[in-house]
Amino acid sequence: MAGASLPPHLDPRSDDGRDGLGPRRARGGRRALRGLLGVLSALVLVVTAGGWATYTYANGNINRIGLDLGDDRPDEKRGVENYLVVGTDSRAGSDGEFGNAPGQRSDTTILVHLAEDGTTTMVSFPRDTYVLVPEYTDSAGKSHPAHRDKFNSAISDGGPSLLVKMVESLTSMRVDHYVSMDLEGFKAITDAIGGVDVCVLPSSLQEHFKDDTGRARVSTNTNDPISGWRGGPGQAIHVNGSQGLAFVRQRHGLPNGDIDRIKRQQQFIGAVFHKATTGDVLTNPVKLQGLLSTATSALTLDDKTSINDLRDLATQMRGVAAGSIHMETLPTHPPTEAEGGIGNSGNIMLHGVATSVQIYNPVDLARLVVPLGGHVDGVEDTAPPTTEPAPGPVTVPPSQVTVAVYNGSHRSGLAAQVTKDLTDKGFHVSGTLTAESLTYTSSRVLYGAGKEDAARTVQAAVPGSLLRSDPTVTGIHLILGSEFTEVVAPVMAGADGASGGAASGPAPAPTTAAPQAPAAPSCTY
């Protein structure tokens with residue numbers, strides 16, 4: 001392959017290395033960063049909502065681009081706004097800190113949907129997702145037909161216009177606004193608010209590999225020599241701009257790969273808002289001015305997006321810190337041989353090179369975008385959205401519940417660990433098994449006839465799990481997804497519940513809860 005010319009998103013020379021490492025190892029850490037930076041580029045303006053009149057000058061700091069999207073686009077929908085927020089790896093102003101590759105790439109992109117009813121949903125697209133890229137004409141005037149490639153190839157090959165066209169083609173949702181930010185801006189914003197606290201779960205995974213120089217490496221989720229992240233496990237790990245960058249750049253040593261990177265992005269977004277809305281950034285003129293200057297100089301907007309549009313987005317995004325925004329990630333899995341994979345390597349042949357990609361099921365994409373007004377070609381009927389409220393107090397105690405535990409993810413040993421955790425909480429486990437598919441994202445509690453109340457106890461013990469009736473199931477099945485975090489003790493109903501009894505005395509007088517700050521973000525690997 002000597003002398004072969006590869007696309008920028010596959011060419012090792014186009015990625016940033018650290019400590020002299022080849023970029024294939026380093027770029028994965030960046031892929032998580034792209035989505036986070038893009039979101040921060042819009043979200044950081046939340047902290048300016050208290051004094052918006054002073055920000056007229058910000059228009060002069062923001063970079064503008066024109067998008068050539070043509071007329072063949074999804075229709076506009078009244079009362080709905082869709083923002084495509086991305087991060088780029090432009091090295092401008094970084095003095096080579098992130099490498100010297102020219103141009104820009106975007107490996108994780110988030111579509112933010114502001115619905116007419118005031119709800120907000122963020123849909124993340126992993127950078128390695130194998131998709132159909134629309135036809136386009138490059139800067140030299142050469143036409144390229146529609147073709148399959150990695151998601152991150154679009155902005156590399158055809159710039160932001162092609163990226164927007166591709167997202168619209170995949171989702172049938174019109175992108176109203178394009179916002180992006182570069183690496184240096186991300187660091188500066190984090191430092192401008194005095195750093196943030198992150199939470200890291202313990203993990204026993206140790207990933208052994210060789211970097212592109214042949215040097216043996218070992219990465220864990222708390223010590224990754226490639227991204228430079230070192231921290232945790234722990235509940236409140238304070239990070240500045242550099243360590244925050246490393247936190248969301250990490251590729252190796254995470255149990256669930258891209259899914260864990262995206263969860264880190266989402267946690268970090270919450271951490272930024274928690275700090276900005278509970279600290280003194282809003283009330284300290286020096287900090288506020290510094291943050292405003294930093295954020296606006298790092299932003300790139302399409303020429304039809306105004307500062308008022310960003311204010312609208314920023315107002316809606318306050319919910320990130322409080323956990324009231326729906327955060328979704330397109331489920332993906334390594335290609336099987338039937339899907340063109342090379343054995344069980346997770347690679348396919350792309351541009352003459354064995355390349356790691358992730359496959360998605362169009363039905364999964366439809367389940368995410370149809371509730372938002374989108375459509376996926378070839379998928380006519382989809383299940384209702386899988387988001388649902390957290391379960392309340394339950395009536396059947398764990399000691400009266402028997403459940404079969406299935407590992408539906410690629411996390412080795414997960415079912416065995418959860419079996420132990422459930423047993424410690426009083427549940428009875430009838431079997432520890434592997435699901436037919438290992439591509440579950442959310443955990444699911446499936447139950448047969450007469451088992452709904454007991455199944456709700458299992459759901460309450462597994463935060464984020466989805467409850468589903470299944471006539472083919474006898475008893476209760478817990479299928480663990482890649483987003484599983486922990487087993488908790490279910491909250492039992494009170495005196496009137498099945499686990500209660502007669503009240504032994506008068507109920508305590510009600511108290512008025514003290515005002516609470518926005519909830520701190522949840523833990524991730």
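## Two loops with positive phi

His-351 sits in the loop that links β18 (347-350) and β19 (353-356). In this predicted model, His-351 has a positive phi of about 55°, even though it isn't a glycine. The residue is partly exposed, at 39% relative accessibility.

Ser-172 is another non-glycine with a positive phi, again about 55°. Look for Ser-172 in the loop between α2 (153-171) and β9 (177-181). Its relative accessible area is 27%, so Ser-172 counts as partly exposed.

## A cis proline

There's a cis peptide bond to look at too: the one from Gly-232 to Pro-233, with omega near 0°. Pro-233 belongs to the loop between β14 (229-230) and β15 (234-239).

## Strand β4, covered on both faces

Now for β4 (residues 120-125). Six of its six residues are buried, so the strand is largely enclosed by the rest of the structure. Side chains in a regular strand alternate between the two faces of the sheet. In β4, one side carries Thr-120, Met-122 and Ser-124, the other Thr-121, Val-123 and Phe-125, and all of them are buried.

## The partners of β4

On the antiparallel side of things, β4 pairs with β3 (residues 109-114) over six bridges. Leu-111 stands opposite Val-123 of β4.

Terms used. Residues numbered from 1 in each chain as written. Predicted model: local features only at pLDDT ≥ 70, side-chain atom pairs only at ≥ 80, totals over all residues. Heavy atoms only, no water. Helix = DSSP H or I, 4+ residues; strand = E, 2+ residues; numbered from the N terminus. Buried < 20%, exposed > 50% of the residue type's maximum accessible area, 1.4 Å probe, protein only. Pairing = 2+ DSSP bridges.
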